[in-house]
Amino acid sequence: REEHRKMLEERHQDVLRRIADTRDYVEQESKRLKDTLHTFQAKFNHELANLRSDLLSDLNSMVVQIRTTISDLEGQVTGLEEALQQEKEDRITQTEEILGGIRKQVAQLTTGLEQERKIRQNREKELLKELSDAMDLLNTTLDTEKFNREQQYKSMKSEIDREQSRLRKRPYQNENQAS
């Protein structure tokens, strides 16, 4: 029995030793895993920091490029706006020059047309006056001629009447003288 107990005790000690060995192994593995994890985290954080630094650097360089491009484009836009404004002013000036000449011509033509209209109206008035005077003269002349002809007619009629009367009396006078 004692042997059995010794044997059990040895087994027990062996199991305890194995448990202690296993605990030591688990502790070592846990420490190794913890160290590995710590190393991995340190490496990951380092690589993450480097990546972040690289990305920020790239981003900053892109921002600088974009700002430079924007600045260049703003300069071009400003130049184009100034050129457009100058073009607009030049066209307005050119249009005003052209329209100024045309306006002068229109004013001259309008003045000439107004003068011509006045001349035409005055000439028309003169012609109407001349026509009226000519008609009055013609009417007066016609009235005078008519009066003169009527007078001639009356005079000739009375002379013809006298002559006819004398001629009618003549055969009687010739008979009276013959008798």
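Asp-14 forms a salt bridge with Arg-18, the closest N and O atoms being 3.7 Å apart; a salt bridge is counted here where a side-chain nitrogen of Lys or Arg lies within 4 Å of a carboxyl oxygen of Asp or Glu. The model is a predicted one, in which local features need pLDDT of at least 70 and side-chain atom pairs count only at pLDDT 80 or more, whereas totals for chains, interfaces and linings use all residues. Residues are numbered from 1 along each chain as its sequence is written, and side-chain values use heavy atoms, with hydrogens and water left out.

Asp-14 also forms a salt bridge with Arg-17, for which the closest N and O atoms are 2.2 Å apart, and the residues Asp-14, Arg-17 and Arg-18 are accordingly described as linked in a network of salt bridges. Asp-14 and Arg-17 both lie in helix 1 (residues 2–178), three residues apart, or about one turn of the helix, where helices (H or I, at least four residues) and strands (E, at least two) are DSSP runs numbered from the N terminus. Asp-14 and Arg-18 are likewise separated by about one helical turn, because they are four residues apart in helix 1. In terms of solvent accessibility (buried means under 20% relative accessible area, exposed over 50% and partly exposed in between, with a 1.4 Å probe and protein chains only), Asp-14 counts as partly exposed because its relative accessibility is 22%. Arg-17, at 49% relative accessibility, is also partly exposed, whereas Arg-18, at 53%, counts as exposed.

A further salt bridge joins the side chains of Arg-32 and Glu-29, with an N to O distance of 2.7 Å. These two residues, Arg-32 and Glu-29, are three residues apart in helix 1 and are therefore separated by about one helical turn. Arg-32 is partly exposed at 48% relative accessibility, and Glu-29 is partly exposed at 26%. Over the whole structure, the search finds ten salt bridges.

A nonpolar patch on the surface is formed by Leu-37, Phe-40, Phe-44, Leu-48, Leu-51 and Leu-55, which together have about 610 Å² of accessible area. Patches are made of residues with over 30% relative accessible area and no salt bridge, like charges being joined within 9 Å and nonpolar side chains (Val, Leu, Ile, Met, Phe, Trp, Tyr) within 5 Å; accessible areas come from the Shrake-Rupley method with a 1.4 Å probe, and for residues only the protein chains shown count as cover. Leu-55, one of the patch residues, is found in helix 1.

The structure holds one aromatic pair. The rings of Phe-40 and Phe-44 have their centres 6.2 Å apart and their planes at 20°, so the pair is stacked; by the criterion applied, rings of Phe, Tyr and Trp (its six-membered ring) pair if their centres lie within 6.5 Å, and planes under 30 degrees apart count as stacked, over 60 as edge-to-face and the rest as tilted. Phe-40 and Phe-44 are four residues apart in helix 1, which means that about one helical turn separates them. Phe-40 counts as exposed at 52% relative accessibility, while Phe-44, with a relative accessible area of 45%, is partly exposed.

At the level of the whole chain, the protein has one helix and zero strands. Its radius of gyration is 72 Å, whereas a compact globule of 179 residues would have a value near 16 Å; this quantity is taken over C-alpha atoms, and the globule rule is 2.2 Å times the number of residues to the power 0.38. The C-alpha trace spans about 240 × 45 × 15 Å along its principal axes. Of the 179 residues, 0% count as buried, and the protein exposes about 17200 Å², of which carbon and sulfur atoms supply 56%.

Two long-range separations along the chain were also computed. Leu-84, which is found in helix 1 and counts as exposed at 59% relative accessibility, is 40 residues from Glu-124 in sequence and 57 Å from Glu-124 in space, C-alpha to C-alpha. Asp-90, also placed in helix 1, is partly exposed with a relative accessible area of 40%; the C-alpha atoms of Asp-90 and Glu-145, which are 55 residues apart along the chain, are separated by 79 Å.
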